[in-house]
Amino acid sequence: MVIGLLTCEVLEDEMAHMLCRDKDIGKVTFVESDPGKDSIAALRALMGDRLTVIKDVADFRPDPALYLEVLTAMLRVGLHMDKATLKEGVTEQARVLSEKSDVLILGYGLCGNVLLNIEEELSDLRCPIVMPRNEDGSTIDDCVCLVLGGTQKYLDQVRREAGTWFVTPGWLKHWDTLLVKELHCKDIDMVKWVFKKADYKRVLMVDTGIGDIGTLRAGTKNFADIFGFYIEETKGTLNILERAFDQAKNLLDKKERSDNAKRCVGR
Amino acid sequence: MTEKMFEELNHAIVVGDIDEAGRLATLGLAENIDPLTITEKGLIPAMAIVSEKYDKKEYYLPQMLLSSEAFYEAFNILKTKMKVESKGRGKVLIGVVEGDVHDIGKNLVKIVLEANGFVCIDMGRDVPIEDYLQKVAEDKPDFLMLSTLMTPTMMSMRRTLEGLVEEGLRDKVKVAVGGGPISWDFCKKIGADFYGDNEKDALKWAVSEVKK
């Protein structure tokens, strides 16, 4: 059985963690792309020959001997700066991955409501879609709410300080791409000016427990020093991602039972 | 000379030259040009160009922000000499909802409304629901315009509408909502009157409402 996983580059560390620690996953096949190159390197170090890299989704051949494998593709972080590009990118790649998957996890949230109706729009896919959700079943807002543990946790934080810039390993790695290049600022001074105008004051480091805490703290301090923010830390969680993987596996189990039943009836 | 000054003022706003916009507004007043005429000929066309550039993806957020700053540098100077009725064409209470600091969209709406004779009470950003309700009761605006860029803070709009109903204020003010994640669907769901995709939509709607 194959879980397709389409995710944003900003979640590369979290996804690598999920893929490595899940004992049920026999193999990960990564569709080669520029945004995925660091993930591939990280996964190769962690998974060894359980990782396969392919050039194109069409090259993917599922291993019938395995109970579970993951076919994953990663899209570039800057897609969400343009609504149409994000929607088009996610929709297109989801369709491609779904052709080789039994269930597809979309590692995205509402992303400014750009993906609000994505499940409905992809309802014709040959496999079901799973998206990260809040405890009440609503789709998660975005990558920040995802690692904080839900929408309410986000609201609790912005009620304390509305001018908060949240950082995760992914946001720290890609901030220059997102804030200079994708925001079309001519340099960091212009980003500083935009932040000042928007009244950002605090950088909140979200620690989900993955990666090296010292590296995360150093990156957060560097970011805070550049923009003159004060630093706070909060505990994050990967519970929402874990629930999404569990839901995908449950759907696969159901599918397998259903397939078996059909085979028995056919005999 | 006057036409050249208007041209230069428009240019200063389009390129986001804040100091030059302020200097030219001051110069216009010193030459006894009517501040409303300066606004109509030197400021409004510039913002239309800026808006067009944004639509064409020639301008992005920082450029919009710079032009807005240049606009207000000039407009605030001109306003001191404007003879505007206390209510103008209509009174607008405008702000960003609680938990959100992203106010460029709100500011653009405010710019076009003010430039077109509406009086705006700017509540700023990260504004608690109670503050909107209190201000609606006290200042009796014709319009309440709420904005947010983030999906988690959208619910604050719903609760503001509920608050207006609870306080018996709903039929006293027209409510518009806007911002990146907002849609007509959401507007209807929460019982607001109007959803605008941009500042031009907001202006067109406000003008049509005051004519009713």
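In chain A, strand S5(A) is joined by two bridges to strand S6 (residues 129-130), and the two run parallel; strands here are DSSP runs of E of at least two residues, helices are runs of H or I of at least four, both numbered from the N terminus, and two strands pair if DSSP finds at least two bridges between them. This is a predicted model, in which local features need pLDDT of at least 70 and side-chain atom pairs count only at pLDDT 80 or more, while totals for chains, interfaces and linings use all residues. Residues are numbered from 1 along each chain as its sequence is written, and side-chain values use heavy atoms, with hydrogens and water left out.

Within this pairing, Ile105(A) stands opposite Val130(A) in S6(A). S5(A) also pairs with strand S1 (residues 2-8) of chain A, in the parallel sense and over five bridges, and there Val103(A) is the bridge partner of Ile3(A). Because five of the five residues of S5 (residues 103-107) are buried, the strand is largely enclosed by the rest of the structure, where buried means under 20% relative accessible area, exposed over 50% and partly exposed in between (1.4 Å probe, protein chains only). By contrast, Pro64(A), in the loop between strand S3 (51-54) and strand S4 (69-75) of chain A, counts as exposed because its relative accessibility is 80%.

Turning to the partner chain, the contact, meaning heavy atoms within 4.5 Å, takes 25 residues from chain A and 23 residues from chain B. Asp82(A) forms a salt bridge with Lys57(B), their closest N and O atoms being 2.9 Å apart; the term requires a side-chain nitrogen of Lys or Arg within 4 Å of a carboxyl oxygen of Asp or Glu.

Note on methods: Chains lettered and ligands numbered in written order.
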